[in-house]
Amino acid sequence: MGRAMGLAGLLLGLFLVPAVLVSTTLRHGAPRSEPEPESAPAPEPAEWEPASGAVPEDSLWPLPQWLRTSRRQLQLAPGRFQLVHGAGSSAGPACGLLQDAFRRYYEYMFGQSRRRKRGRRPLGARAEPELSQLQVVIESQDPGCQSYPHLASSEAYHLTVTEPVAILKADEVWGALRGLETFSQLVHEDDYGSFLVNESEIDDFPRFAHRGILLDTSRHYLPLKSILTNLDAMAFNKFNVLHWHIVDDQSFPYQSIYFPELSDKGAYSYNHIYTPTDVHLVIEYARLRGIRVVPEFDTPGHTQSWGKGQKDLLTPCYNGEQPSGSFGPVNPILNTTYDFMTKFFKEISSVFPDTYIHLGGDEVNFDCWRSNPEVKEFMKQQGFGIDYAKLESYYIQKILDIVSSYNKGYVVWQEVFDNKAQLKPDTVVQVWMENNYAHELSSVTGAGFTAILAAPWYLDYISYGQDWKKYYSIEPLDFPGSEKQKKLLIGGEACLWGEFVDATNLTPRLWPRASAVGERLWSSRNVTNLQDAYKRLTNHRCRMLRRGVAAEPVFVGYCPHEARGQ
């Protein structure tokens with residue numbers, strides 16, 4: 001079928017269509033956007049071949065903003081095809097990031113070819129013209145080869161696939177990385193072992209600048225290999241932020257340079273830690289894929305593991321007039337607390353290069369503070385009465401000032417905003433409570449703050465059936481507010497909390513469910529057709545499997561590469 005369509009494409013040439021119409025205009029057998037010319041002859045039976053799985057536009061994920069495609073196919077010979085720097089590019093062979101990406105994507109396109117006996121090509125089948133190169137041109141004066149991605153980085157790209165050379169143009173290397181992923185998705189292998197690509201033109205850019213995945217390495221330690229595999233999967237789905245919820249009540253696996261006892265006493269064991277070398281490896285592996293690493297060190301709650309290695313950091317709880325032996329949140333009334341936090345966040349600011357640190361601030365239980373006579377006395381001195389939210393805000397304010405002094409921006413969970421802490425104008429508020437999150441987004445943006453949406457995308461909640469549809473059907477901007485407010489929502493995150501997740505089930509639980517969030521945050525607002533998405537997501541999931549990501553099935557079906565003997 002693909003061969004016959006390719007022949008007809010020679011006569012039809014290119015036809016233009018917005019990406020949102022792909023499902024009705026570019027699929028084999030679907031209605032076309034314009035009638036086929038009467039002059040196009042029906043293909044001869046000898047030219048038909050068995051279908052070779054999905055046609056390329058049936059597996060693009062996330063869907064580009066704009067796409068023009070032809071049924072004319074070009075052949076890629078793995079021994080001759082090259083990924084190269086194009087003429088006039090500000091990046092060249094010295095750009096390690098792109099050189100690394102060229103090697104990676106060559107392997108993705110040709111390295112997983114189906115290892116099985118090929119069928120014989122029917123007599124008379126024509127040979128497609130050859131595509132010899134993909135030339136990558138970076139147009140910005142500073143291509144960004146040595147830098148880290150940031151919120152304002154350009155991920156836009158323009159891809160033209162025509163004989164004999166394909167051209168990928170991007171302002172910065174980050175756009176080139178996204179374009180390489182798209183190009184690799186267009187390349188497909190037929191049943192005879194030939195690699196083909198349809199002549200195409202794509203103009204693409206993300207709808208939202210912040211597209212994140214939250215991984216929790218405290219409830220269960222995640223080995224480095226698991227984290228790196230999921231960074232690969234994030235790149236396949238065009239995510240660009242790893243929100244690393246690295247420590248929590250249960251364990252403190254981050255090995256601090258200034259305070260080694262935090263992990264010595266707070267990690268599950270000496271083996272369940274991330275050394276400075278490990279952390280650097282994650283950051284660099286992410287950078288090479290255009291992914292920011294935003295660490296979260298959540299205080300004053302969620303800090304039981306901190307107390308094991310840092311004396312007097314946590315608040316002693318009382319039973320009546322006697323200490324109970326248990327501890328609550330960080331002790332907000334001691335100067336030593338802020339001395340410690342000043343040194344600790346100085347380290348974090350230098351270890352993690354991203355502009356932002358996530359400071360948490362959620363789910364603070366006030367019972368221990370209420371029980372402590374010294375805290376109660378402090379409340380009286382400060383004029384806080386019995387409003388412990390004011391004490392929390394007092395603490396948060398001091399932490400924000402410390403982090404600001406290191407020229408870092410910060411992200412906080414929504415309670416910090418709800419409890420009326422004095423926030424600097426550039427604070428980013430992450431909305432996570434599912435009940436009435438639209439109202440919360442309206443309040444946060446109405447107050448002039450930037451927001452990230454996570455509430456509808458808590459992937460640790462699992463259910464029977466295709467819950468990806470629920471995540472896919474969310475429209476982030478469906479909240480009351482002006483256009484100015486809508487612009488303050490910079491994106492969203494799919495969160496996978498780790499109470500019931502470790503290395504055994506992390507990847508299949510996350511993918512391809514998170515892929516639905518990825519397309520919602522990248523593609524145009526009107527890409528909402530579930531039937532079309534199902535077809536593309538099923539094919540995309542098979543591609544992730546071929547690339548070594550153990551993504552769970554979308555529904556009943558199979559992947560072509562699963563055939564016997566492969």
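His-188 lies in strand 7 (residues 188-189), where strands are DSSP runs of E with at least two residues and helices are runs of H or I with at least four, both numbered from the N terminus. The model is predicted, so local features need pLDDT of at least 70 and side-chain atom pairs count only at pLDDT 80 or more, while totals for chains, interfaces and linings use all residues. Residues are numbered from 1 along each chain as its sequence is written, and side-chain values use heavy atoms, with hydrogens and water left out.

His-188 has a relative accessible area of 11% and is therefore buried; buried means under 20%, exposed over 50%, and partly exposed in between, with a 1.4 Å probe and protein chains only. The side chain of His-188 makes a polar contact with that of Gln-73 at 3.3 Å. Such a contact is a pair of N or O atoms within 3.5 Å; within protein, one must be able to donate a hydrogen and the other to accept it, and residues adjacent in sequence count only if both atoms are side-chain atoms.

Strand 15 (residues 409-413) is largely enclosed by the rest of the structure, because five of its five residues are buried. Gly-409, Val-411 and Trp-413 point one way from this strand, and Tyr-410 and Val-412 the other way. In a regular strand the side chains alternate between the two faces of the sheet.

Strand 15 pairs in the parallel sense with strand 14 (residues 356-358) over three bridges, pairing requiring at least two DSSP bridges. Strand 15 also pairs in the parallel sense with strand 16 (residues 428-431), over three bridges. Val-411 is the bridge partner of His-358 and stands opposite Val-428 in strand 16.

The chain has 19 helices and 18 strands, and buried residues make up 58% of its 566 residues.
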